[in-house]
Each structure stands twice: as structure tokens, then as C-alpha cells.
Amino acid sequence: MEQKFNESAEKVKSFTKRPSDAELLELYALFKQATVGDNETEKPGMFDLKGKAKWQAWADRKGTSKEAAMEAYIKMVEELSAKYV
């Protein structure tokens, strides 16, 4: 599973078109949940809009297991590959 996850993470770098902001946030959140676990970091400040969006997307995944996050990430990368490679 981890090997397929790492291959998917590399595949994202080969996309020729940029995924939507919502798709990128979802990828970020799933990647962080799979690699770090629950978001225990401090919420970014009021003026860091990008940081807050990323923090919230990751925090929304709280309680998702590492394996479930990896599976969801792999599945999402496969779906996005059809659109962006």
C-alpha cells in the first residue's frame, strides 16, 4: 500500500494541467493525514487565507486512519490522472 501511495504522490507531480483548488486541497489533506496523522498544529492566523484553507481541509480528515487516507489518496490520484495527465 505504501509503495502505491508513494507512486501516486510522484504521479501528481507529472500532471500537465493544474487541478482545481478544491482538488488540490483534498489531495493535500489526504496526503497529510496519511503521512502525519490527525492535524494537531495551531490554526494559522487570520490573514493567512491559503494556510487556513489547507489547515481546515486537513483538520476535516481527523480520525481517518493512515490506511484509509492512503486508499482515498490513491483513488483520487487515479481519477485525476484521467483529467490532468
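Start by selecting residues 1-85: over this stretch the chain is 67% helix and 0% strand, and its end C-alpha atoms sit 22 Å apart. Helices here are DSSP runs of H or I with at least four residues, strands are runs of E with at least two, and both are numbered from the N terminus. UniProt lists residues 1-85 as "domain: ACB", in an unreviewed entry; such annotations may be inferred rather than shown by experiment.

Before you click on, remember that this is a predicted model, where local features need pLDDT of at least 70, side-chain atom pairs count only at pLDDT 80 or more, and totals for chains, interfaces and linings use all residues. Residues are numbered from 1 along each chain as its sequence is written, and side-chain values use heavy atoms, leaving out hydrogens and water.

**Stop 1: helix α4**

Select residues 66-84. Helix α4 has 19 residues, which should span 27 Å at 1.5 Å a residue, and its end C-alpha atoms are 26 Å apart, so the two agree. (The expected span is 1.5 Å times one less than the number of residues.) Now colour the buried residues of α4, among them Met70, Tyr73, Val77 and Tyr84. Buried means under 20% relative accessible area, exposed means over 50%, and partly exposed is in between, using a 1.4 Å probe and protein chains only. What lies over those buried residues? The cover includes α1 (2-13) and α2 (21-35).

**Stop 2: the largest pocket**

Next, select Leu24, Leu25, Tyr28, Lys50 and Lys54: of the 13 lining residues, these lie nearest the centre of the largest pocket. A pocket is an open set of points on a 1 Å grid over the protein atoms alone, where a 1.4 Å probe fits, with protein on both sides within 12 Å along at least five of seven lines; lining residues have an atom within 4 Å of a point. Which helix gives the largest share of the lining? That's α2, with six residues. By class, the lining has nine nonpolar, no polar and four charged residues.

**Stop 3: Tyr28**

Stay in helix α2 and zoom in on Tyr28. Tyr28 is partly exposed, because its relative accessible area is 26%. Leaving aside neighbours within four places in sequence, Tyr28 is in contact (heavy atoms within 4.5 Å) with Lys54 and Trp58.

**Stop 4: Ser14**

Finally, hop to Ser14 in the loop between α1 and α2. Ser14 is partly exposed too, with a relative accessible area of 40%.

Key: Ala, Val, Leu, Ile, Met, Phe, Trp, Tyr, Cys and Pro count as nonpolar, Asp, Glu, Lys and Arg as charged, and the others, Gly among them, as polar.
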